[in-house]
Amino acid sequence: MTQEATPGTMEPLIPGTRTVSARRFRKSLRKDSSLYLLALPGIIILILFAYLPMSGLILVFKNYNFNDGIFGSPWAGFANFEFFFSSMEDALRATRNTVMLNALYMLTGTFFSVAIAIILNELRSRWFIKVTQSVMFFPYFISWIIIGAILFSLLDYDKGILNQLLQSLGLSQMDWYSSPWLFVVILVLANIWKSAGYGAIIYYAVLQGVDTSYYEAARIDGASRWQIITKITVPMLIPSIILMTLLGIGGMLKGDLSMIMGVTFLNPLLLPTTDIIDVYVYRTAIRSGEFGFASAITLYQSVFGFILVLVANKLAGWYDKDSKLF
Amino acid sequence: MQTTENKGLVIFFYVCIAVFSVICLVPFVLAVSGSLSTESRIAAEGYSFWPRGFTFETYQFLFGSKAEQILRAYSMSLVVTVLGTLTAVLVTTAYAYVISVRNFRLKNFFAFFAYFTMLFSGGTLPWYLLSTKYYHLGDTLLGLFIPYVLSVFLMFLMANYFRSIPHEIVESAQIDGAGHLRIFFSIMIPLGRVGLVTISLFYALQFWNDFYLPLMLVNNQDLYTIQYLMYNMMANIQFLASGNAAQVGGAIIAPPLETAKMAMTCLTVLPIAILYPFLQGFFVKGIIVGSVKG
């Protein structure tokens, strides 16, 4: 067991010959058997819930029926794509909603997280920072279902706090749950409320690592507080902001089903703006059983998402070699 | 002049943070207040930040007629959280250890094998069909946590912790004849305590809050978790209304629908709120470690 630590045995053998690599693999299996054993549960989980579902994408070319299963169902050729393009409108709507909501979440979420982090960095009162940081982080721990329930008590037509407020101001009540475009604003605000405190922690941690001599030098040179923020703090955060944004771009086509379900309860009146791809697949395939169509849109989501990740990675590489994800 | 400008700015900053912090807490006050109000006054006057007609009736109603169902969902959530977290931490740390072993030839392959799943996925539908038709996870306890026991992100976080443990300790153990299993269980796990606690907390939170898995895989009411029960309650009022109109002295008493929703909200958040002060620090530490090198 111990001699493997000597560098000599780790030198690569002449590559290419099959017998050598097979023998090497067998040797490695014996030598590192306990490592394979430790990795095994994880490998099984990854295969079952990540890799096999990828192969399930052949569903796109199948005429799925539940009895024959994924692999036994008859081939359908490109029929599902015809179906896909025939209901293009719904698919496009779902895509537009997903990208639109994610882009809005990303823009507003980043802005608020960064703003909170910068402000916290300016404050001197330790206990104030500690207490408010804890409070702002708390919503992150709450599930969307609960947030949806509380939102209902805010937005309900008759009983909601918001409409009571509008009434007391002499304005007419709003029917929030049937205003798809207004609800986009509500979703964005809910997202900020839930995650800005969490995001702020990341940026605040970056700022804590900044060399204090920058600040001291700026102060000696007579920079105002505002100048210090815009000329030192913000530039310090830009690499992290870019990295987080690039990470987010890859997930642009992934929606948060739990959020939409938890907050809108799939209210049909709100679907024009809340029908994201995942919700769409859930509604058409899992609830209504129209598998062929949903599989076409799933493939499209996977492939498009993958391309987005590759593009984001390329961009990250251009910006900074270390930011590259792989 | 400059100092006064700065003073104003600083006060403005304090106010901003204070206001946002209050906004973060206000909705919970609303929920507590709603749960302690009387149904009739909520129906007539709407929700408010101060209980309308302070009463514990709603909780009495829930614990009276819905106790069994709520307790079952509660214990189901607890079981899923405990089992899920234990399994997940074991699977995750073991995999993380393997890719953190310095001279393991395939460590990069295994790392990429996990990483690739973050980039590309088959999507919801094939996942759903495989889980229900081939793995038979529909309406099973396993289905409520098994799909989530390896979070690739937390796995890499854990691998970073393992890599930060001085290599000399591992080397000396190897010289003493310890194998990987031994090193993993009696050196890495105790030394990686902080990382272990962090990922356990993240997993526990995820399992407690999850409602995706029950939504996809569960029909049997016995397997409802508290979050899913809550969802059903919000999505259809029937849960509370059905067979509950208790007859007392000839009069039909309607169940408290609105206040019950708020009471359930409070009950679901309660465990998190109680544990939060103790756990919050670990999460912050975990996020910082994960973001500095992630």
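A:Arg93 is partly exposed, with a relative accessible area of 24%. Here buried means under 20% relative accessible area, exposed means over 50%, and partly exposed lies in between (1.4 Å probe, protein chains only). The model is predicted: local features need pLDDT of at least 70, side-chain atom pairs count only at pLDDT 80 or more, and totals for chains, interfaces and linings use all residues. Residues are numbered from 1 along each chain as its sequence is written, chains are lettered from A and ligands numbered from 1 in the order in which they are written, and side-chain values use heavy atoms, with hydrogens and water left out.

**Salt bridges within chain A**

- Over all chains, the structure holds 10 salt bridges (a side-chain nitrogen of Lys or Arg within 4 Å of a carboxyl oxygen of Asp or Glu).
- A:Arg93 pairs with A:Asp275 in one of them, at 2.9 Å from N to O.
- This pair links distant parts of the chain, 182 residues apart: A:Arg93 is in helix H5 (residues 88-122) of chain A, and A:Asp275 is in the loop between helix H13 (271-274) and helix H14 (277-287).
- Helices (H or I, at least four residues) and strands (E, at least two) are DSSP runs, numbered from the N terminus.
- A:Asp275 is buried, with a relative accessible area of 0%.
- A:Arg225 forms a salt bridge with A:Glu122, and their closest N and O atoms are 2.9 Å apart.
- A:Arg225 lies in helix H11 (residues 225-250) of chain A and A:Glu122 in helix H5, so the pair ties together parts 103 residues apart in sequence.
- A:Glu122 is buried at 7% relative accessible area, whereas A:Arg225 is partly exposed at 21%.

**Across the chains**

- A:Lys159 forms a salt bridge with B:Glu258, with the closest N and O atoms 3.7 Å apart.
- The pair crosses between chains, from the loop between helix H7 (144-155) and helix H8 (161-168) of chain A to helix H14 (residues 257-292) of chain B.
- A:Lys159 and B:Glu258 are buried.
- Salt bridges that share partners join A:Asp156, A:Lys159, B:Glu258 and B:Lys261 into one network.
- The C-alpha atom of B:Glu258 is 15 Å from that of B:Val29, and the two residues are 229 apart along the chain.
- B:Val29 is found in helix H1 (residues 2-35) of chain B and is partly exposed at 42%.

**Surface patches**

- Patches are made of residues with over 30% relative accessible area and no salt bridge; like charges are joined within 9 Å, and nonpolar side chains (Val, Leu, Ile, Met, Phe, Trp, Tyr) within 5 Å.
- Areas come from the Shrake-Rupley method with a 1.4 Å probe; for residues, only the protein chains shown count as cover.
- A:Val303, A:Phe304, A:Ile307, A:Val311, A:Leu315 and A:Trp318 make a nonpolar surface patch of about 570 Å².
- A:Trp318 is in helix H15 (residues 291-319) of chain A and is exposed at 67%.

**Transmembrane annotation, chain B**

- An unreviewed UniProt entry annotates "transmembrane region" at residues 12-32, 73-97, 109-129, 141-162, 183-208 and 266-288.
- UniProt positions follow the numbering used here, feature names are shortened, and annotations may be inferred rather than shown by experiment.
- Residues 12-32 are 100% helix and 0% strand, with end C-alpha atoms 31 Å apart.
- Residues 73-97 are 100% helix and 0% strand, with end C-alpha atoms 35 Å apart.

**Backbone**

- Most residues other than glycine have a negative phi.
- B:His136 has a positive phi of about 50°, and B:Asp139 has one of about 55°.
- B:His136 is exposed at 56%, whereas B:Asp139 is partly exposed at 32%.
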